[in-house]
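Let's take a walk through this model together. Have the viewer open, and follow along as we go.

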Amino acid sequence: MSATSLTGPRTTAPGAPPPGAVARPRGALRSGSALGLGVATLWLSIIVLLPLSAVVVRSLDGGLGAFLDAVTSRQALAALRFSVLVSLATAAINVVGGTLIAWVLVRDRFPGKRIVNALIDLPFALPTIVAGLTLLTLYGPRSPVGINIAFTQAAVLLALLFVTLPFVIRSVQPVLIELDREMEEAALSLGARNATIFRRIVLPNLVPAILSGAALAFARAIGEFGSIVLISGNIPFDTQVSSVYVFKLIESDAPVSAAAVSTVLLLVSLAVLIGIRGLGRWGARHDR
Amino acid sequence: MTVERRWRLSLRVLALGYLALLLLVPVGLIFYRTFEHGVGGVWDSITTPAAIHAFQLTLEVTAIAVPLNTVFGIVMAMALARGEWRGKGLVNALIDLPFAVSPVVIGLSLILVYGIDGWLGGALADLGIQVIFSVPGIVLATIFVSLPFVVREVTPVLREIGDEQEQAAATLGAGAWTTFRRVTFPSIRWGVAYGVVLSVARCIGEFGAVSVVSGKIAGETETLTLLVEKRFQNFDLAGAYAASALLALIALATLLAMTAIKPRREEGDA
């Protein structure tokens, strides 16, 4: 997944034309474009919307009672609780770690910086199952450094930190590059200390980008499957997350229960998407 | 630099240490574990008939999904950046769904439509078409997860370049297709290329959604990522590492391509 594609347009000016763009005459879709749009929308409907609406509709196949039973079973609730908590922890650690790494990549200078910068995207390029196997090799039972956290909640957190690493960094970096240095220099010349400058001048400008990166990390974390499946051990009431629980329900041929839990996950994803759009608008306003 | 040297060094150590422990050492170790007993065994385990078939299937699926999503992506990006139409905000939001929805839910959604008890599965089965636990299901899952990349890369580029040149071409009598081919496409081609690279990486690496719909039949519906999982579950660690190293190499090639394309994409139409 690409951080630029996810955060770029949103942290700048979502939906709105960029400053300086010429206002277009409205409503002028030529017939060729209208046909193209029709086909593209049909494609989106068949590939994405039809299947997702099947999840929501079929989750009610057994009636509302069965839906609620499936969603509020002890195992489903435990998995959802752990998913939400571990995803919140992932987002929180990314807020600190991601901002720190973005700052070092933009403001610091050291040999090999360009390579490090390119490697930040590795979690997006590396298949998740390989990511899981990779972490299990270093932090699992055959660990060469003697650290074994396999099949613990910490292992799930570690896997999520790996796959969500780029979001906050790639969201904060462009804002930090654009940031005007004059205010910082003025503050420094007035005797402000580094920590004060960061807290009072740099940080407020970064907040919208940090939050939208964190929200993307949370959304990714709550649905993550591939990197967790090997390292978590899938212990119910302990390391089992919602996505793995859904997978188990599908395997045990309980598609309606699986659809019910999936519907809850879908609603969480939708809420996060809407939240990110709101953040983007706030960030765009904040810019001016 | 406005920050004291002492501060700067400690922040650098902290940031690079975090990256090393989370990213570099684990990925490095995968390559070490793969090749610690020599290259011969690795070669043997990535050239077994099952591995070759998995690799071929992965490439086939990618070769179907990426072109379709590229065409969709360019058409949709043109509509989002250039047109004003009812429902545009909604469609714009819905395009991001594949990024936000869990891969397992994506797999389940396909079962509920195309599975034997699904909305369309029964009718398709009567026609002799099997989607779930078969290659078409894997293709649909892969198209689903990689759908947004090209749209999301091309739309901002189109907004950035504006439509003055396109309007000039139209004024001079160029048709819509000529305008697109001669004016618009040359300006967005690096954005398209970047989106294609991201799509390819995602298609090759997809695991969750494919794992739900594939049925994991060796030599038939097993992709490269599914092969990694199966070998790991069957205690064939060396085989799992070998297939992982191959996928990790593809990921590194992806990073190289991204790094090469990024500056050109940001130049826009210059």
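Here is a short tour, starting with one chain and ending with where two chains meet.

Keep in mind that this is a predicted model. If you want a sense of scale, the C-alpha trace of chain B spans about 70 × 65 × 30 Å along its principal axes. Of the 270 residues in chain B, 50% are buried. As for how the chain folds back on itself, take the contacts in chain B between residues at least 6 apart in sequence: 75% of them join residues at least 24 apart.

Next, colour chain B by domain. Domain 1 covers 1–36, and domain 2 covers 37–267. Their C-alpha centres lie 31 Å apart. Where the two touch, domain 1 of chain B contributes seven residues and domain 2 of chain B contributes eight residues. On the domain 1 side, that contact is made up of four nonpolar residues, one polar and two charged.

Now bring chain A into view. Between the chains, 84 residues of chain A are in contact with 83 residues of chain B. Which element of chain A supplies the largest share of the side that touches chain B? Helix H2 of chain A (residues 31–58) does, with 18 residues. By residue class, the side of chain A that touches chain B holds 56 nonpolar, 19 polar and nine charged residues.

Technical notes
Residues are numbered from 1 along each chain as its sequence is written. Chains are lettered from A and ligands numbered from 1 in the order in which they are written. This is a predicted model: local features need pLDDT of at least 70, side-chain atom pairs count only at pLDDT 80 or more; totals for chains, interfaces and linings use all residues. Helices (H or I, at least four residues) and strands (E, at least two) are DSSP runs, numbered from the N terminus. Ala, Val, Leu, Ile, Met, Phe, Trp, Tyr, Cys and Pro count as nonpolar, Asp, Glu, Lys and Arg as charged, and the others, Gly among them, as polar. Domain bounds come from an automatic or database domain assignment. A residue is buried if 20 or more other C-beta atoms lie within 10 Å of its own, exposed if 12 or fewer, and partly exposed in between; C-beta atoms are placed from the backbone.
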